[in-house]
Each structure stands twice: as C-alpha cells, then as structure tokens.
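Here is a friendly walk through the model shown below. Take a look at the fold, then read on for its sheet and the helices beside it.

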Amino acid sequence: MLGVKRSVARRWVAGQYRRSIMQWKPRALILDLFGDYLRYAGSEVRLADITELLAVFDIEPATVRVNLSRLRKEGWFTTRRVGRETVYSLTPHLLEILNEGRERIFHRRSEEWGGRWTMAIYQVPEADRAVREQLRKQLAWHGFGQLSPSTWLSPHDLMAEVREIGAEYPSAKVDALWCGTGNMQEDRDLAARCWDLEQLGEDYHEFIRAYATSDNEVLNADKEGRTALIERMHLIGDFRRFLFRDPYLPRELQPGGWPSDDAYRLFGAVHRQLGPAATGFVSGVVGEPVGPGLEVTTELARTHA
C-alpha cells in the first residue's frame, strides 16, 4: 500500500500534464502550493487561506473542500480545529515525498561516465500485475530506462535504490547488477534504446522557446505577486514533466547539442526571479512569513554549464 501511495505522489511530482495548455487541476495545485510555499510556513494552512489562494486559479471553494477531504482520507494531511477554523497540516509521509521531489528538481545528477551501468532485472508472478506496474513506475522515477520488458538500465550508481525497491515488493524478485560494454558507441546506442532521446530533446527545445522571453530579471521583479505566482506555477509544472523522462546522461553519452542543461538553467533563472513576488503574495494571504525554498543556485547552474 505504501508503494502505491508513493507512486501516486510521484506521478504528481513528475507533472504528467501541461498546465500552460490545460485547465488547472485542484489536487495538483494544492500539492504544488504546499511544495513550493506552505511547507516553508509551518507546513500547515487554514482552510480559508488555501481557499483564497486557489481562487487565484479560479478554483471554487466547494471544489477546494472536496479535494482537501480526499487528500486527508488518503493520508496526505491531518486536520485540527482552531476556534471555528479548520487547519490542514502535512503528514510526515507527504513531507518526505515533497523533499524527494524537490531534490529531483533542484539537485540534478552531474557525473562523469565511468563505463558502468546499473542494471535492474525483475521477475514478478503473473498474478501480480499491479506489482509489476509499480516496479516500472518506481524504476522510471529513479531515472532508469527500459531495455527490455523486465530489464532496466541507469548510467548512475543506483544499486541502493534498486535494493530498496526490491525490499518494498517481496513478491517480486529484483536483482541489481553492474554491467558495461567497454565501447563508447555501444553505450550511446544503449542510451538511445532505453530512452526516446529524440523526442525528449525536441520537448526541451520547446520548453526553451516557450520560456526564453520570461528570463528577465527587471521585468519579473516588477510583477504583481498574483501574476508571479500564476507564472511560477506554470513554469514548475511544465519543467517537472521531464523528471520521469530525463536520465541525466553523463556528457559522454549525450547526443550532440543536447539541450537539457540550457533548459535547466533557464528554468532556474525564471523560477528564482519570480520567487520574491510570488512568495510575498502567499505570505500576505496566510499571514505568516514563507521561508525561502530551494532554487537552482548560480553555483549549481555553473556545474552544468
């Protein structure tokens, strides 16, 4: 059950939707607000305040209450009464998921290629199709690519993660192995077989085209808080969709002209520029200071330059 909950949360973190061309999703918005803001303001919020925040995105109060109630029943929040107010607080489990998601977004892997793949192989009883699906989702979340139906590869040292996944599903046999080809071109070919790098590269270029004009320190500093919040939520929703798809290949395995780093730097710049106004707006609504969240720092961005 824990694995199913974790997978559901990770699907939210990975953002398999385009908010810029689709209607806002109340459930995702609630979790986004906690992920980027409310977790840094005591990890809790009054119902009236989060209702006001979601009104920015044209979410009706009744819809807010229904979605919060469902999330509470699923174990993501606890509630308590303060006078006539209902206060929603993050559970430790959801905080763990948020931490993991922030780590994936803001601290990218940047490793030299050592010529060695982490290979995950699993066997699942035919009757346990749900377990098989959860294994696939968790391996994809960790950046593995599928070489064959039950064989997955990562160019990073993820032996511990594979063993953790295996321990979570005792009905499956999950093995973690090292492997290598000894040939750089063959390694590049393996990467192209495990991930749709052509489509991923095109989508990164689309992201860069969509947000290139948003990288404007002066303009973003002058934006109203409400506008900054909406634009920042669009930005992180669009960028997060890459997390399930990008294996963060070492440079030696990347196709020529690979745009991942440029997209990452652009995301970091715009997210940082919109931060003060958006955070100030949220602080004004909840009546509490919202601490600084994670950012792609200048130093971190340079490591990918």
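Helices (H or I, at least four residues) and strands (E, at least two) are DSSP runs, numbered from the N terminus. By that count the chain has 13 helices and seven strands. This is a predicted model, in which local features need pLDDT of at least 70 and side-chain atom pairs pLDDT 80 or more, while totals for chains, interfaces and linings use all residues. Residues are numbered from 1 along each chain as its sequence is written, and side-chain values use heavy atoms, without hydrogens and water.

Let's start with the sheet. Four strands make an open, antiparallel sheet in the order β5-β6-β4-β7; two strands count as paired if DSSP finds at least two bridges between them. Because β5 and β7 stand at the edges with a single partner strand each, one side of each has no neighbour in the sheet. From one strand to the next, the twist averages 30 degrees. Seven bridges link β4 and β7 in the antiparallel sense, and Ala120 stands opposite Ala176 in β7.

Angles run from 0 to 180 degrees between N-to-C directions of axes fitted to C-alpha atoms, for helices over the stretch in contact.

| Helix | Strands touched or crossed | Angle |
|---|---|---|
| α8 (residues 184–194) | β4, β5 and β6 | about 100 degrees with β5 |

As for the whole chain, 52% of its 305 residues count as buried, meaning under 20% relative accessible area (1.4 Å probe, protein chains only).

Technical notes:
Contact = heavy atoms within 4.5 Å. Buried < 20%, exposed > 50% of the residue type's maximum accessible area, 1.4 Å probe, protein only.
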